[in-house]
Amino acid sequence: MKKEVEKILQYVQKPARYAGGELNSVIKDAEKVDIRYAFCFPDLYEIGMSHLGMKILYSLVNEREDSWCERVFAPDSDMEEQMRENNVPLFALESGDYIQEFDLIGFTLMYELCYTNMLNMLDLAHIPLKSKDRTDLTPIICCGGPCTCNPEPITDFVDIVFLGDGEESTVAVIDLLKACKANGSTKQEFLLKAKDIDGVYVPGLYEDSYNDDGTLKELKPLNGAPSKVKKAVVSDMNKCFYPKNFVVPFISIVHDRAVEEIFRGCIRGCRFCQAGFTYRPIREKSVKTINEQAKALIKSTGYDELSLCSLSTSDHSCVNEMLTSLIDWTEKEKINLSLPSLRVDNFSDELVDKLNRVRKSGLTFAPEAGTQRLRDVINKNVSEEEVINTCTKAFDNGWTSVKLYFMMGLPTETMEDIEGIADLGMQVVHAFYKNPNRQKGTGLQVSISCASFIPKPFTPFQWEPEDSMESLKAKQEHLLEYVPSRKIKISYHETPTSLIEGVLARGDRRLNNVLYDAWQLGCKFDSWGDKFNFDAWMQAFEKNGIDPHFYTQRRRPFDELLPWDHLDFGVSRKFLENENKKAHENKTTPHCRIKCAGCGANMLNGGHCDARS
């Protein structure tokens, strides 16, 4: 660690965020590597250290003798103040070196409200924010993660964008950059070669133009860039790289445990869920691989808790065999097994028997909508009867806490649907107190969490208008008034942040200037309620002559060119259109293991999808 960095740590609240030196962190000799990679997470250490994607790519790059990947997180306000006052640029945790000296600087973008943090981190690093102002070959600024489904609002600031799975494309980019450094290539020469790597999008090789009504007219590829850029897909999850250890933090983080990814993709087809479509096709790990990797992580980290990671844990095709084998050794070694992402429609007696052998915490389910009609609109394929039966089964086995996730502002939603949220919560309360097998002498807590629905790219609702702030507030107030019991606790998202998230989610390249101006006006940590500055965002929109509601409250016709139409995440546009039409007819689509709906994602994997095998 540099002396100037060490000097300022005494003035900040949590110096362990910035000190490095944790168990399993990787230290190399900077003089003996060809590529130095700063992996940046644009949020606090506690958030970023919980992110599985960072753990995977950190270990993947550091497996190479010629490369060194180091971690970088957004400093909190007290640390940023010290850094700016003492002219200390942004640095990496492992070496303490300033990241402006690195070859590759990558940002993982998990949510749209972290975009201003990315700009702030580049500025703290003393690196020009805009790609056109960085003329040297290095550092190359890249990004990946869920938000790259539509990276157009940030294209002025990044050189390359990773689409889809990053394991293989990251290796290919490092190989290319290493060769270009050795050959004395220019940045433009590197970018022209990078465009040919699977899963790599080079925004600078496309030119945008607009119609008189403000809609996108064309995004024209230049210099031989592909008209469609396909996401990268890792075909075999059993052979895909997975870390044998995680960096173990000195301070508590959000998810402080070992994590085993059990499959990618989702069979369900919920029409609101971006991840459910963009992570397709479904690819599972075998039970053997899951156990071997989980045991290695527990051994190398010393964690006493193991969490299984997927979009729907109980949808693994061998879930009972998997849980039996995991519980056998985790029980013996006193390891707590955490099973998130369970569904009410496959909460079987056999699964309950397995759960009875692990620590009892609160159960979480996601009905998503309060009425059956609206659940059919969003293709949730879960009935009220299944919710109540599942909760009753849980109460029979000693559970006394249930959390239910819902959304507000869904397409075709009415106040009757909002009332249905409270009604369903009360049905759960009644099921508990009517149950003769419930745990005596205990009360019940039903927590209802309501997120504001935001239409996202590559979903059937990508054409839908977003509910207005006024409408969402009215629905929130109505729900609070309608809830009849203190056994039900309601929480919901603030509506101003939802507006900004909605704009950035479906925006085009004209928002780059808005984002830049918002950052200059002091916007950062926009997902943190105490730091979000709605007025500054509105000022940035006004300065650029842009109405944010153009991106949120307008229904797009099917023939409109969308800002992300040149990116191919596997699911066909025609399939999404048909699903949108079925939503407005209150019609459902069976999940992938009942009947293949022909979404097209399997074609990115050589025609294979584990849901069809």
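P281 sits in the loop between α9 (274-278) and β12 (283-284). The bond that joins R280 to P281 is a cis peptide bond, with omega about 0 degrees. The model shown here is predicted, so to speak with some care: local features need pLDDT of at least 70, side-chain atom pairs count only at pLDDT 80 or more, and totals for chains, interfaces and linings use all residues. Residues are numbered from 1 along each chain as its sequence is written, and side-chain values use heavy atoms, leaving out hydrogens and water. The helices (H or I, at least four residues) and strands (E, at least two) are DSSP runs, numbered from the N terminus.

P139 belongs to the loop between α6 and β4 (140-144). Another backbone feature is found at T412, a residue other than glycine whose phi is positive, near 70 degrees. T412 is part of the loop between β16 (401-408) and α15 (415-434). As background, most residues other than glycine have a negative phi, and most peptide bonds are trans.

Now to the helices. Two packed helices are described by the angle between their axes and the distance between the axes. Axes are lines fitted to C-alpha atoms, for helices over the stretch in contact, and angles run from 0 to 180 degrees between N-to-C directions. A crossing is left-handed if the near helix is turned anticlockwise from the far one by less than a right angle, and right-handed if clockwise.

| Helix pair | Angle | Axis distance |
|---|---|---|
| α5 (77-85) and α6 (115-124) | about 30 degrees | 11 Å |
| α17 (495-505) and α19 | about 35 degrees | 10 Å |
| α18 (511-520) and α19 (534-543) | roughly 135 degrees | within 8 Å |

How are α5 and α6 oriented to each other? They are roughly parallel, as angles under 35 degrees count as roughly parallel, over 145 as roughly antiparallel, 65 to 115 as roughly perpendicular and the rest as oblique. Their crossing is left-handed. On the α5 side, E80, M83 and R84 meet N120, D123 and L124 of α6, where contact means heavy atoms within 4.5 Å. That contact holds two nonpolar, one polar and three charged residues. Here Ala, Val, Leu, Ile, Met, Phe, Trp, Tyr, Cys and Pro count as nonpolar, Asp, Glu, Lys and Arg as charged, and the others, Gly among them, as polar.

With α17 the crossing is left-handed, and P496, L499, I500, V503 and L504 of α17 meet F534, W537, M538 and F541 of α19. This contact has nine nonpolar residues, with no polar and no charged ones. With α18, α19 is oblique, and the crossing is right-handed. L511, V514, L515, D517 and A518 of α18 make the contact with W537, A540, F541 and K543 of α19. A pocket is an open set of points, on a 1 Å grid over the protein atoms alone, where a 1.4 Å probe fits, with protein on both sides within 12 Å along at least five of seven lines, and lining residues have an atom within 4 Å of a point. Which residues lie nearest the centre of the second largest pocket? Of its 21 lining residues, these are S131, K132, T155, P203 and G204. Two or more lining residues come from each of α8 (187-194) and β7 (206-210), and α8 gives the most, with three. By class, the lining has seven nonpolar, six polar and eight charged residues.
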